[in-house]
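Hi there,

Here is the structure I promised to pass on. My notes on it follow below.

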Amino acid sequence: MATEVGPTPVKAPASGGTPVHHGPKGVGEDNKILSQGKWATWLLAPTIIALAVVIVYPIISAIVMSFQKDAGLDPATGLFTAGGPAGVQNYVNWIAQQCSAPAGGTVACPPGTLGSQFWSATATTFFFTVVTVAFETVLGFWMAMIMARTFKGRSMVRAAVLVPWAIPTAVTAKLWFFIFAFEGIANKLFNTSILWTGSEWPAKWAVVIADVWKTTPFMALLILAGLQMIPAEVYEAAKVDGATAWQRFRLITLPLVKPALMVAILFRTLDALRMFDLPYILTGGANNTTTLSILVINQIRQGFNAAAALSTITFIIIFLVAFIFVRFLGANVVEQSGATGKGKK
Amino acid sequence: MTAATSSAASLRAEQDRGRRKAQNKERWAQGRTYISAAVILIWCLAPAYWMVVTAFREVGFTYDTSILPTHVTLDNFRTAFDTSFGNRFGQALLNSIFIGVVVTLISLIIGVFAAYALARLNFRGKFLVLGFILGASMFPGVALITPLFQLFTNIGWMGTYQALIIPNISFVLPLTVYTMTSFFREMPWELEESARVDGCTQGQAFRKVIMPLAAPAIFTTAILAFISSWNEFLIASQLSSDATQPVTVAIANFAGAQPNQIPYTAIMAAGTIVTIPLVILVLVFQRKIVAGLTAGAVK
């Protein structure tokens, strides 16, 4: 099992379960690791097995499916054909937007079909991701800075930010659908008459606004937790040395909160890349608000295997983004979430 | 002499002015904090408040803009539970509670053991396991749904409770393991050590000393797990039937008496019913929930 793999360096827990040994490792220590390893295998086995069943099996199954042809009526002969191996046809279908033609071979997917929507769905997904995460980061940072100050009613504000987070996304979507209704409060408040879910850009901004409202609190709380780990003495020392507020923010707050901030941004980015509920309920994916996840769901009833190929592409995109974050931008999630307990208060 | 006193006086005046300036600056900064706090409060609460107010408005006053509700009625709550338009909101509430409880229990029971091992034991491949579980928590739901849709169609599980519970565990279990791991790491483990010195086995020490200490953390994790399961929509929207659909799906598909009319007030009433217990839970256990939310991510 995974617990046996590799010579991964094992760091001692901060407050060791067995008395913490400093200095060179003795023979007894090795035995202890072995016996703890046996314990760990037993304790971890249920979780690993459960996740293997609910995640690893579907991944492998989806990849296998994505190389199969979908069963269906052959438009040329009018007969029902079984699937069979498809090679990379399903992937070509999406990425090159080449659908199989009635006469055999492939043609460019006609507009309006799901096959023709791959790149626009990808663009929409990335638009939502970049814009919502940018807003959430800036707004969340600002909210965290306010909540980190001491003032009367601070605990009330901290409680209030949990309210949007606690409301289920499906309810959030319906709520904003109502707010953005033609006769709804958004139009009345700003004295506009926008058909919010009726054309492309208002629909996109409606999704962005609802998502920012719902998830900024989560961002703010993660950043606040990072802010609170900065010792106050650092700020006092900087003040004594005559640093301005802006200098203190740029030279102390930002670098010290960066690890927490990067983790928060990574979490939110991966969440936004798989966005489904909000646009699905708020706009139904109309007016170019179809994300990759919505496209997969729309495809399922037209053909499992093509949907499997698309979901595999989505998975790879998300995996690549996570990899880039961890590798190049220094969001060391595992270290942060910490097997070591280092960097604790 | 006089020059000295006058210069001393002017010095004092100067100091006074400086102090007042600093005080004003302080007061101004404090004022800005309060204004910002008010903006945050309004931004977070106003839309939710609008849902609750609308839930109490008579249908004819759906688009009323008065801040305090006029034409108050409880009809919308009755309409929400009305089954004559094909809505099964009451059943959906029971479904959500059932699914949430089962998912939370399963995830906690196996997740707590994993978290204990990750927080307390030294073994090879720990980072690999942590990475695997973290990866699992970030996994896109759509990548699961296609194979599950086919599998459940083939074995006749479409629309059953187990078809909703099993995939849900893939979202909730990693969350449980992460939150519990960071809670476990902060516990006073000296107690376990002294219990072991007194002759307890590791298992006994875990059961008799650690579990009671961990009870509050387990409770918090249970709330987070339940809320996460309560929120689930993607899997449920595809794999549930009318009889097993949870509240999120019921609310998304809410139908009114006329086909083209959206029963907003009833939907807002349903939304209020679905949300209020969560909000109360969250407000009561605010501190613990914030600790749980941020523990897995930042510490």
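**What I found**

N191(A) is exposed, with a relative accessible area of 71% (exposed means over 50%, buried under 20% and partly exposed in between, using a 1.4 Å probe and protein chains only). Its place is the loop between α7 (185-189) and α8 (200-228) of chain A, where helices are DSSP runs of H or I with at least four residues, numbered from the N terminus. N191(A) also has a positive phi of about 55°, although it is not a glycine. Most residues other than glycine have a negative phi. N287(A) has a positive phi too, near 55°; this residue sits in the loop between α11 (277-282) and α12 (292-300) of chain A and is partly exposed at 28% relative accessibility.

Before going on, some ground rules: this is a predicted model, in which local features need pLDDT of at least 70 and side-chain atom pairs count only at pLDDT 80 or more, while totals for chains, interfaces and linings use all residues. Residues are numbered from 1 along each chain as its sequence is written, chains are lettered from A and ligands numbered from 1 in the order in which they are written, and side-chain values use heavy atoms, with hydrogens and water left out.

Now the interface. In chain A, 110 residues are in contact with 102 residues of chain B (contact means heavy atoms within 4.5 Å). The area buried between the two chains is about 9,900 Å², and carbon and sulfur atoms give 76% of it; this is the accessible area (1.4 Å probe) that two parts lose on being put together, summed over both. Helix α1 (residues 27-66) of chain A gives the most to the side of chain A that touches chain B, with 21 residues.

A170(A), in helix α6 (residues 169-179) of chain A, touches residues of both chains: I281(A), F233(B) and T248(B), not counting residues up to four places away in sequence. A170(A) is buried, with a relative accessible area of 0%. Its C-alpha atom is separated by 6.6 Å from that of L278(A), 108 residues apart along the chain.

Finally, T124(A) in helix α3 (residues 118-148) of chain A is buried as well, at 1% relative accessible area. T124(A) touches K204(A), N288(A), T289(A) and T290(A), again leaving out residues up to four places away in sequence.

Best wishes

Conventions. Helices (H or I, at least four residues) and strands (E, at least two) are DSSP runs, numbered from the N terminus.
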